[in-house]
Amino acid sequence: MNRLFLPSDAPVEQALHGLAAAHPGLLDLHEDPLYVTARERHPARRVGLVSGGGSGHEPLHTGFVGAGMLDAAVPGRIFASPHNRQVYEASKAVAGPEGVLHVVKNYTGDRINFGIAAERLRADGIPVRRVLVDDDLATESDETATGRRGTGATVLVEKLLGGAADTGAGLDELAALGAEFAAASRSVAVAARAQTAPSRGGEAFSLPDNALEYGVGIHGERAATTVEHPGFEQLVDRMTEQVVDALPATTRSVLLLVNGLGATTLLELYAIHARVSETLGRRGLDVAGRLVGTFVPALDMSGFSLTLTALRDDWAAHWHAPARTPAFPAPESVR
């Protein structure tokens, strides 16, 4: 049985038509090749910000196109990298006087296709740099040749970079800042049920009753191990402590993302957020900004991820800078 309500013909294209029609004042849809651009940008911005990746993770990335965040987003097929021609054309369309910055999740296909596009842009005389997001603790191992995957921290990095770009920062400065934002961010995710396999229906993998995939990926990648569900409090505490322990020991202030993987309700996510907030308080950490909701799902997977970014004082203004996109809420500080 296929649980997904998707058209059989060109589901990504039709979804993007729906997105653009729902937000006509924010977005322009380009169809050959396929990408989305922002209708507005801050007059001080000198560098275009471009990101993208496989579909099935909405609102990432297209929902974060708009004033204060991305200038363009490039969608691939479901769980597949966009083609380098899409990245190239989108980047040309939004490049600023100092060029374009690519925000790339650490997956082989994304790295290759954004890399080919970057070579073409340089050949055209357009300066281009890359920020690689690699926050996933589940793949932090010497045995993982590709390194940590890029997951929920992508949203936080895109927001921080958007705020910095609107100050008029140049390409090299933004690339350096983006690398620091990514290095300060770590995530972990769990799932109780796999996503629907779009091509055949049914769950992409099965789990025993009362079992969890601890360290699941956003493309439905299984974790290295399947664990017995330890209970709500023990699970959330374990995840929170793992992410906190991966941050620098000097961390005093953080950004927090509690992210649903597609089928997790807000009732669950807010309960998780409450528990995480308690644990962070016990650890002496101030939550300077927080997001709770579904921002980087894996289609309709039942699960959630936690992301923390160790926040420097001079980064807070970038987080709180205005943003107007289809999916990013107004950030709120802890009271």
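Predicted model: local features only at pLDDT ≥ 70, side-chain atom pairs only at ≥ 80, totals over all residues.
How many salt bridges does a search of the whole structure find? The search finds 21 salt bridges.

Strand 4 pairs with two other strands mentioned here. With strand 3, residues 48-55, the pairing is parallel and runs over five bridges; within it, G53 has P75 of strand 4 as its bridge partner. With strand 2, residues 34-38, the pairing is antiparallel and runs over two bridges. On that side, T37 stands opposite A72 of strand 4.

Side chains of opposite charge can pair when their charged atoms come close. R45 lies in the loop between strand 2 and strand 3, and D71 lies in the loop between strand 3 and strand 4, so the pair ties together parts that are 26 residues apart in sequence. Is R45 buried or exposed? R45 counts as buried because its relative accessibility is 5%, and the cut-off for buried is under 20%. D71 likewise counts as buried, at 3% relative accessibility. Both residues belong to a network of salt bridges that links R41, R45, D71 and D166.

A further salt bridge joins the side chains of R148 and D134, at 3.4 Å from N to O. R148 and D134 are both placed in the loop between strand 6 (128-133) and helix 4 (153-165), 14 residues apart, and the pair links distant parts of the chain. At 16% relative accessibility, R148 counts as buried.

The last pair to consider is E180 and R312, which form a salt bridge whose closest N and O atoms are 3.1 Å apart. E180 lies in helix 5 (residues 171-183), whereas R312 lies in the loop between strand 12 (302-310) and helix 8 (316-320), so this contact ties together parts that are 132 residues apart in sequence.

Note on methods:
Residues numbered from 1 in each chain as written. Heavy atoms only, no water. Pairing = 2+ DSSP bridges. Helix = DSSP H or I, 4+ residues; strand = E, 2+ residues; numbered from the N terminus. Salt bridge = Lys/Arg side-chain N within 4 Å of Asp/Glu carboxyl O. Buried < 20%, exposed > 50% of the residue type's maximum accessible area, 1.4 Å probe, protein only.
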